[in-house]
Amino acid sequence: MLVVLNPQSNAGTALRRWQPVESALRERYQDLTVELPSDAEQATKVVQAAITRQKPPPVLVAAGGDGMVNLVLNALMDPATDRPRTAGAVLGAVGLGSSNDFHKPVPAHARIGTVPVRLDADHAELVDVGKATMSTTDGTRVVRYFLLNASMGLVAAGNHSFNQATGLVAWLKSRSVEAAIIATTLATIAAHRPLPIVVRGSDWEHRAPITNIGVLKSVHFAGGMYYDTAVTRADGRFDVNIWARAGRLRTVGLIAGLYAGRFRRSRLAVCHRDTTVELRPDRPTPLELDGEITMVESAQLEVLPRVLKVCAA
C-alpha cells in the first residue's frame, strides 16, 4: 500500500491529523509506504513511478482532500486508453481535507478517530469515472478525469475563491471550514453574474443564462451541500443539475435548500440524466473538476462506466 500525502490540506492541518492515522495503519498494513511529495508535479511523478514498477503497489491511497484524490486519479488514468495505467490497481483515500466529499456518506465504522477512510481493498467496487476533454484559453486540448462532479458558474467560482483564500476567509479556514465556505459563498453570490451558455446532451439542449450547472457522479459537493437527485457511483450516467438564472435572494434560498438536500422542487432547478454533456459558455470560464479549476473555452464531459476499482469504506 502506497500513501501519497498532501501535508498542506485543510489549511496546513493535514499532517497533524495524519499522525494518529498512520500509527493505526502501520499496525494493520505491514507493506505501508508513505510519500510526502513537495508539490502536485512531484506527487504525480511518485504515483506514476510506483505503478510502473515490476511489482506496483496494489492499493494507491490519496491522503488529503478531494483535490488529492483527483490528482492520484489523473496520475493513475491513461488518456490513451481511458483506463488505469496498471491493471488491478485500487484507489483508496484518507480524508484530511476540508470537505472530503469523496468519502460521503461516511459510515460510522469508516473512520480512524475523526478521519474518514476508504481502505478496504478486499471489497473494492468498480465505479464510473468522468472524463473532461477541454479546450483551454491558450488553444490547447486537455483531458482530465473526475470522480465526484464538474461544475461551471457559481460553484466553480466559489471553489476557486475558496482554494485561493486570503485574509478573513483564510483565517476562517484554519478555524472553521464551514464558516469559511459560507463566507466564500456569500461573497461569490454578491459578485456573481449569470453565465450565458449552451449546454447540449445526447438529445436535449439548454440555451440560456444560468447561475450554475453541476454534472455529477456524486450528490455531495462544497462541504455540506447535496442534491436530491438519483446518481450513484456506478450507474453509467451523470446527473445534470442546472440552476436557472436568478437574483441574489433566490440564489441564497436555493443554496439554503441544498444544505438540507432539497433541489428538484425548486423553481430554479432544471434536471437531466445523460452519458455525455457539452458545455459552451460565451466567454472563457472556470470549470471545476472535483474542486480543481481550469479556465476553458468549452468542455465535453462523458461517463466511462465502471473502469476504476475504489476501496470500500
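This is a predicted model: local features need pLDDT of at least 70, side-chain atom pairs count only at pLDDT 80 or more; totals for chains, interfaces and linings use all residues.
Turning to overall dimensions, the C-alpha atoms fill a box of roughly 55 × 45 × 35 Å along the principal axes. The radius of gyration is 19 Å, which agrees with the value near 20 Å that a compact globule would have, because the chain has 313 residues. Of those 313 residues, 53% are buried.

Which residues have the most contacts inside the largest nonpolar core? They are V129, L147 and L308, in a core of 31 residues. The elements that give two or more residues to this core include β1 (2–5), α3 (40–51), β9 (120–136) and β21 (292–312), while the largest share, seven residues, comes from α4.

If we take V129 and leave aside its neighbours within four places in sequence, its contacts include L73 and M77, then Y145, F146 and L147, and also V303, L304, V307 and L308. Apart from this core lies another, of 23 residues, and among them are A150, V199, V277 and L287.

Finally, the surface: the protein chain exposes about 13900 Å², and carbon and sulfur atoms supply 50% of that area. As for charge, there are 35 positive and 29 negative side chains, and the centres of the two sets lie 5 Å apart.

Note on methods: Residues are numbered from 1 along each chain as its sequence is written. Side-chain values use heavy atoms; hydrogens and water are left out. The radius of gyration is taken over C-alpha atoms; the globule rule is 2.2 Å times the number of residues to the power 0.38. Buried means under 20% relative accessible area, exposed over 50%, partly exposed in between (1.4 Å probe, protein chains only). Accessible areas come from the Shrake-Rupley method with a 1.4 Å probe; for residues, only the protein chains shown count as cover. Lys and Arg count as positive and Asp and Glu as negative; His and the chain ends are not counted. The place of a charge is taken as NZ of Lys, CZ of Arg, CG of Asp or CD of Glu. A nonpolar core is a set of buried Ala, Val, Leu, Ile, Met, Phe, Trp, Tyr and Cys residues joined through side-chain atoms within 4.5 Å. Helices (H or I, at least four residues) and strands (E, at least two) are DSSP runs, numbered from the N terminus. Contact means heavy atoms within 4.5 Å.
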